[in-house]
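Subject: Handover of a structure

Dear colleague,

Please find the structure below, followed by an account of what was found in it.

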Amino acid sequence: MSEGEMAIIKPEMMKSYIWLETADGSIQQVEQEVAMYCPMICQEVLQKGVGSSKNYAISLPQRVNPAMLSLIFDYCRFHHVPGRSNKERKIYDEKFIRMDTKRLCELTSAADSLQLKPLVDLTSRALARIIEGKTPEEIREIFHLPDDLTEEEKLEPLKNTMDDPRIRLLNRLYAKKRKELKEREKLKSVEVEEHVDERSVDDLLSFINGRDHKVVKTSKSKKKNKKRKEQKNGTSMGICETSEKDLKHNLHSKSRNAENVDKTASSLGDVSNLLSMEDDIFTPKTEFEDGYIDDEIDPALKEMLDREVEDFARRLNSSWVLSIGQERQPVHFSINGNGATRRLTGPAAGHK
Amino acid sequence: MGSCRDRLSQLPDDFLLQILSWLPTKDVLVTSLLSKRWRFLWTLVPRLNYDLRLHDNTYPRFSQFVDRSLLLHKAKALEGLNIRIGSRCNTAENDVGVWVRTAVDRFVRELNISYCSGEEPIRLPRCLFTCTTLAVLKLENLSLVDVSCYACFQSVKTLHLLDVKYVDDQSLPRIISTCSSLEDLVVQRCPGDNVKVVTVTAPCLKTLSLNKSSQAFEGDDDGFLVDAPKLKRLDIEDYWGGFCYIENMPEVVEANVDVIYKNTEKLLGSLTSVKRLKLCLITSDAAYPAGTVFSHLVHLELCTCAPRWWDLLTRLIEDSPKLRVLKLRQKHIRRAPSPRASWKQPVSLPKCLLFHLETFKWELYEGSQKQKEVATFILKHAIRLKTAIISPKPSSTLLEKHEMLKELSSSPRGSSTCELLFD
């Protein structure tokens, strides 16, 4: 087209408009070529023939409000022009997408319901950039998401807690614990007293942990920062976390070795005795642990970790306790705590 | 819409998964702690992106993370798996093998594996080569030495092979021949890949990029053979090799040729239908066969690093009757000192200058004798010229710039509407 021809604008070539109605009832008009850039509108116009006048306005999906509609049309108005270079489009997009998160979410929603793919890609990338690298708290804050996960759901293994130093500490503690138990087991002569079926050892385990919960509480009220107590709690937690089978085996041997153990069905409260026995078994070991652990973690961090470990234990244990079914027979032990301690520190002392 | 309401509540789950697809999987897992809605959403994310750098470059932690998240991931079909291992890891090969096998089992569509360059490449499991769902395959510094003849990439449309090692010259053609729908191919050769001549025969290919990695190559008699009649875009960069022969490409639209071959007749000679051309050659006489006309060429960009670049420019201007945009720029350090030969101006005024040239750009202009001659010639004879933008080298002094500006603005201009910008 030479310049001469373009100077004359014939009236018939004036722009035609498309009429659109948003869910709230307000009607907007926009140039046809701008509206046609959006495939959904294009389809409505071509297939159903609507949109040519105010009375036959195209009704838009609910997620599109008038403010977003005009934003979308700004976008279409820029991009429907074919002559622009990729660089120009990119620069425009980057400027366009700069808005507060609330508007960005609304825009994303509107673009998605209108199926405008380039804008959908642009907005979803922008939202991804916002989410990237942030903690859950930060993300919840930005998007006003409800904080409706329970504590235990939040603590499920895998996820980002894999890198957690607490988990590593626990795994280390447990590994050592297991090793020590195995060694002790070899030293003692084991007599099979009665066949303890798996289920009861299960209950044993869960009640130990349930008891641990209480032990933690009491120890907390005492001097919380005593290393020993914390190691103990950490250890018990390590047990909860890892292979039950090994645990059962160790506990099994432990229970046989403690002469004062009898099985009596009683209320939950009596589990406490068993736990104290178990705790006492492990307490002497803490001296070993201290040596290993201290080398790797500095004291300030360790103190904080210890506290968190306690916390963690309490939460985990509460979930264990909750999972106990009614039909299981709780197995409890009544022990002369002192006696058990005395008996067990003997051989344990040999390891030092 | 109150400020206490969940801002993402209006978006459907599918859309949220789309957003999550852009994120590294490490961040995707963080979202599982957001709220009830998000708790298991991550298990359906269609793309998984793993990068060793995000795990402090500690490989054991990284591989454990990949293993576990792959295990928990529940989507029936994996849209894409991206693994980037940027530092050397001795056990990476076994792990990558398992991960690739898992991806193949989950009907993966896009696979992108990158192992750090310069290290011994890791080998891929054979099951990959019979994966029928694969549409995009991008490999970097891996070894395809185990590919046997039953490879079948019938759905692969995009194939990028960077620094990949092959068995011999026949490996790559064999792989490419199984890709019956291949449209986009990138091959970057590296030293020691057991290839002398890269042969590309692909009937549906639309874009092709051939280049060599930045390491030093031995010998200079290797080359490329290309037969891709439907090609639309070609990129060749080769500072080491000997030749590149291509069969005629009647549909080519854009080409970027940056090579040191002594003879490019069989290369440029097949690109006569090109519309946009970026060129850097060391030869002008043997650039393309005499009598070739680039009848569709509209946009030309020429590098002025070669010893007699002005001769090539003359030839091109004479042989491109429809040229509208001409851009000159020194892309590389000058390869040899400029000879003293003079510039032979075109005998008859080239058609493009008379009828079509509208834009003339020169970047890193130095104001040397030859450059001045060329610039003044073009300014004088390009009757339709609308814009001329000449940008001096940033290292020129103010005095030099002033000289250049003076000379250029005082030179006669053939076009009355021409705007000369000196910047």
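The contact between the chains takes 39 residues from chain A and 34 residues from chain B, where contact means heavy atoms within 4.5 Å. This is a predicted model, in which local features need pLDDT of at least 70, side-chain atom pairs count only at pLDDT 80 or more, and totals for chains, interfaces and linings use all residues. Residues are numbered from 1 along each chain as its sequence is written, chains are lettered from A and ligands numbered from 1 in the order in which they are written, and side-chain values use heavy atoms, with hydrogens and water left out.

Between chain A and chain B, about 3500 Å² is buried, and carbon and sulfur atoms give 66% of this area. Buried area is the accessible area (1.4 Å probe) that two parts lose on being put together, summed over both.

On the side of chain A that touches chain B, helix 6 (101-114), helix 7 (117-131), helix 8 (136-143) and helix 9 (151-154) each supply at least two residues. Helices (H or I, at least four residues) and strands (E, at least two) are DSSP runs, numbered from the N terminus.

Chain B itself has 11 helices and 20 strands. Of its 423 residues, 52% count as buried, meaning under 20% relative accessible area (1.4 Å probe, protein chains only). Among contacts in chain B with a separation of 6 or more, 61% come from residues 24 or more positions apart.

Conventions
Buried < 20%, exposed > 50% of the residue type's maximum accessible area, 1.4 Å probe, protein only.
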